[in-house]
Amino acid sequence: MNFLSVENLTKSFGDRVIFSDVTFGIDQGDKVAIVAKNGNGKTTLLRCLMGLEQIDSGRVVYRNDIRVAFMQQTETLDDSHTILEAVFSHDLPELQIVKKYNQALREGNEEAIHACYEELTELNAWDMEVKVNQILSVLKLADTSLPVGSLSGGQKKRVALAQVLVAEADFLILDEPTNHLDLDMIEWLEEYLSKSKSTILMVTHDRYFLEVVCDTIFELEDQTIYKYKGNFSYYLEKKAERQEQLQSTIDKARNTFKKELEWIRRQPKARGTKQKARIENFQDVKKVAGQRIDEDEIDIPVKMERLGSKILELHKIGKAYGNKVILDNFSYNFQRKERLGIVGNNGTGKSTFLNMIQGREEVDKGKVVTGDTVVFGYYSQELIKVDEDKKVIDVIRDIAEFIPLEKGRQLSAAQFLEKFLFPRHMHYNFVHKLSGGEKRRLKLMTVLMANPNFLILDEPTNDLDIFVMSVLEDYLRTFEGCLIVVSHDRYFMDKMVDHLFVFEGQGAIKDIIGNYTEYRKQTAADYKKEKSDEKPVEVVKVKQISEEAPKEKRKLSFKEKQEFDQIEKDLERLEEEKVGWTTVLSNANATNDQLMDAGLKLAVIVAEIDEKTERWIELSEFA
């Protein structure tokens, strides 16, 4: 059943065409992601589909009887509303009664609670009430009486997400839903959308999210849409094939172009009809031959300032804001080629820690010792602060005209811009004409152009497209200095770091060897062990309470016992296989084919683990 039909959609800003004659359809149950380079029009396309942006031509048609909910990249909430009012700003009767019920509970109005209770039962809306509370709890929006105007940007983004999720819409359109979510929230949202019966169209740069949630990828490139019926791994594979075919076509056209060009130059000006047809064909060949496929992979052997023996030492440092402890007697010595990832819930002090080690913020106790040869490069979450009327090339040249490479070579500012996917025609664009993602990319380049030997990246992947992230990963893979990364992008963390600082709150920091996937695996194993340790205690309590009329507990049948034992063996084997394929994904030297194969294998294994774990839990109650 078709939910959305888009026919010959065209949109331009002035003389710049964003997309032209775009046609596609989305059916019920599809989970579609749009990928494109920053500035290619992903957000513009979503706004056109919602009627928030005027189109030049074409048609957008939704099925009549469906409800559509849209989460914009920049939230548009009313600051005078409370969180409760913002989240429940829908006309669904079930949502409105849940809103009244929550309001009555908060006010302690017994009469209103009783009335709402009866109405909730009549509308069979108790499931909705549970769902709403779960969403608010996971997104850490427990105090629904807070006014929206008092919230941070990240909290507002979570309110906007909650507003869309509770709408019970048939069709969800989400623009960057994972931005400003911590890792636990992202993993919860990933599972939630995977199981959702809603049709989904979204823009996201989280590659694990694309891998697990989506079954169709739309790539917006060259002002048109390319459709790939599969997840992210499938898209990478098929895109590589498409580019190979295109390159072959271009190569043939270039050979033909050379021959035809010689013919054109030899011929007199007066030509017959056949010659005119050949000239027109020459123009078509010239157009194909002039195409160029952008390579997203780079190799920049930068010659940076050598790090000395003393790099960065933290001696029993401490920091607190009132009763909130960030660090307590924390010590650590950074080594050469350190590749550290920092994870933790929002508000546990990750950004404060980064500021302290750079001397941007004072420590309450202890001391930070920085080596004489250390040159920090810091990419923060703030937007770039430059004159908006400056040209892109001048922003980079203000940092340096050239970046030194190995063997005495140099890379100019213009060449560096091209490496990070700013083509020549964009070099003289004004900064104010750039999209949000392009501005973040420009800021990242100002940090890298300064040629630091100790690089600190605080959420570098926010608003950067998957193509730029691939370029950044290639750059960092050959980076010889120290690297600290704070990121909610699990794929990026897995490839870039070899150990983690886990900020657990109130000054507690764990140093975990391995990447993010290995850390989550260990966390899951610890949780499983805790739950299994609790079981004997629960059994004793039940026996004590039910002495009056003890019920005989059902035992596993012989076949179920065999199945239970086999599942435990299977889970152990699958976990080992998962570690193996995760290691391949984390290998910086792995080829695209190896990464795609590992991604597909890992998706199958994770699904099998989930299925067997559910069955194990069922049987374990009677084991």
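Student: How many of the eight residues of helix α11 (residues 350-357) are buried?

Tutor: This is a predicted model, in which local features need pLDDT of at least 70, side-chain atom pairs count only at pLDDT 80 or more, and totals for chains, interfaces and linings use all residues. Residues are numbered from 1 along each chain as its sequence is written, and side-chain values use heavy atoms, with hydrogens and water left out. Buried means under 20% relative accessible area, exposed over 50%, and partly exposed in between, with a 1.4 Å probe and protein chains only. In α11, seven of the eight residues are buried: Lys 350, Thr 352, Phe 353, Leu 354, Asn 355, Met 356 and Ile 357.

Student: Which residue just after α11 takes a positive phi?

Tutor: Gly 359 does, with a value of about 80°.

Student: How are strands β1 and β2 paired?

Tutor: Helices (H or I, at least four residues) and strands (E, at least two) are DSSP runs, numbered from the N terminus. Two strands pair if DSSP finds at least two bridges between them. Here β1 (residues 2-13) and β2 (residues 16-27) are antiparallel, with eight bridges. Leu 9 stands opposite Val 22 in β2. The hairpin has two residues between its strands, and Gly 14 takes a positive phi near 65°.

Student: What percentage of the 623 residues of the protein chain counts as buried?

Tutor: The proportion is 47%. The chain holds 19 helices and 20 strands. A contact means heavy atoms within 4.5 Å; among contacts between residues at least 6 apart in sequence, 69% join residues at least 24 apart.
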